[in-house]
Amino acid sequence: MCRWLAYSGTPLLLDTILYRPAHSLIDQSLHSKLGVETTNGDGFGVGWYAQESIGTPALFTDVGPAWNNRNLRELADHVRSPLFFAHIRATTGTAVQQTNCHPFRHGRWMWMHNGAIADFHLLRRELTLLVSPELYADIEGTTDSEVMFYLALTFGLDRNPPEAVARMVGAVERVGRAHGVEFPLQMTIGVTDGERVWAFRYSSQGRSRSLFYSTRVDTLRKLHPDAAFLEEVSDDTRLVVSEPLGDLPGAWNEVPESTYGVIQDGVEELHPFVPEPV
């Protein structure tokens, strides 16, 4: 599987969230505590939105492991943004190649995923044919994650992200079960349009991979008045992570099973997530 993080809030250098935490995403690439694999070294990617632009996000991806990539280390010291996505990959069977590295991008949207469509090689053709013809040519890689993204775009991600993801999950489960797959889908998903961040935790079996969101900064300041780094960020700063970046008491909250959250203007909301039949 994989590990990922989404950051929204005070503009920061990428280094601040990617390298500095005690159990940073870079540390997780070698020493994941909650992932299926301890090592996540089958490529990585970061995406961000420039402060002076409201257009498409920038992406930097590579097929090697994140822990020893000199270009990523260099980039992290110089890129500042109010919204970052970062992902480290452990392949579930598709090729280790740049077009399979998350985050994926289409227009202003970014998408990343941890999990898998079970027996994707058996379902790939039927699922891919559900993608809108206008979008089909934009699929570059071979992963189930990218097909999920383009299905969500097909089902109206621009109009209503939670509904589009629910319809995508409904389609995957329908096709999977038609092929005899008992539990077709395992997923945590991060998706953003550059202004809002949505995070989804769901699996067909009801035993989803780990996902956490950060406690409100003003609450953490009261709990930990001596934590200097909390003075560097505004109250609207939030993180969503596959596993906690450190052990600061009270800093992390588990996203409940079959739930999605949305972060907008520093406010997070949690809602039940239910697949929608297509």
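Which elements are included in what covers the buried residues of helix 6? The legends below, drawn from a predicted model, begin with this helix.

Figure 1. Helix 6 is mostly covered, with ten of its eleven residues buried. The buried residues are Asp144, Ser145, Glu146, Val147, Met148, Phe149, Tyr150, Leu151, Ala152 and Leu153. Their cover includes strand 5 (104-106), strand 6, helix 4, helix 5 (133-136), helix 7 and strand 7. After helix 6 comes Gly156, which has a positive phi near 105°.

**Figure 2. The largest nonpolar core of the protein.** This core has 37 residues, and those with the most contacts inside it are Trp111, Met168 and Met187. Two or more residues each are given to the core by strand 6 (109-117), helix 4 (120-128), helix 6 (144-154), helix 7 (161-178), strand 7 (185-192), strand 8 (197-203) and strand 12 (259-264). Helix 7 supplies the largest share, eight residues. In soluble globular proteins, nonpolar side chains tend to be buried together.

**Figure 3. Met168 and the residues that it touches.** Leaving aside residues up to four places away in sequence, Met168 touches Trp111, Met148, Leu151, Ala152, Phe155, Met187 and Ile189.

**Figure 4. The cis peptide bond between His102 and Pro103.** The omega angle of this bond is about -5°. Pro103 is placed in the loop between strand 4 (80-89) and strand 5.

**Figure 5. Asp119 in the loop between strand 6 and helix 4.** Asp119 is a residue other than glycine, yet its phi is positive, near 55°. Is Asp119 buried or partly exposed? Its relative accessibility is 37%, so Asp119 counts as partly exposed, a class that lies between the limits of 20% and 50%.

**Figure 6. Ser258 in the loop between strand 11 (252-254) and strand 12.** Ser258 has a phi near 55°, again a positive value in a residue other than glycine. With 23% relative accessibility, Ser258 counts as partly exposed.

**Figure 7. Pro272 in strand 13 (residues 267-272).** Pro272 counts as exposed because its relative accessibility is 65%, and the class of exposed residues begins over 50%. Apart from residues up to four places away in sequence, Pro272 touches Ser258, Thr259 and Tyr260. Asp77 lies 195 residues from Pro272 along the chain, and the C-alpha atoms of the two are separated by 38 Å.

Figure 8. Along the principal axes, the C-alpha atoms fill a box of roughly 55 × 40 × 35 Å. Of the 278 residues, 54% count as buried. Among contacts with a separation of 6 or more, 70% are accounted for by residues 24 or more positions apart. The accessible surface comes to about 12,100 Å², and carbon and sulfur atoms hold 50% of this surface. The protein has 23 positive and 35 negative charges, whose mean positions are 2 Å apart.

Note on methods
Residues are numbered from 1 along each chain as its sequence is written. This is a predicted model: local features need pLDDT of at least 70, side-chain atom pairs count only at pLDDT 80 or more; totals for chains, interfaces and linings use all residues. Side-chain values use heavy atoms; hydrogens and water are left out. A nonpolar core is a set of buried Ala, Val, Leu, Ile, Met, Phe, Trp, Tyr and Cys residues joined through side-chain atoms within 4.5 Å. Buried means under 20% relative accessible area, exposed over 50%, partly exposed in between (1.4 Å probe, protein chains only). Helices (H or I, at least four residues) and strands (E, at least two) are DSSP runs, numbered from the N terminus. Contact means heavy atoms within 4.5 Å. Accessible areas come from the Shrake-Rupley method with a 1.4 Å probe; for residues, only the protein chains shown count as cover. Lys and Arg count as positive and Asp and Glu as negative; His and the chain ends are not counted. The place of a charge is taken as NZ of Lys, CZ of Arg, CG of Asp or CD of Glu.
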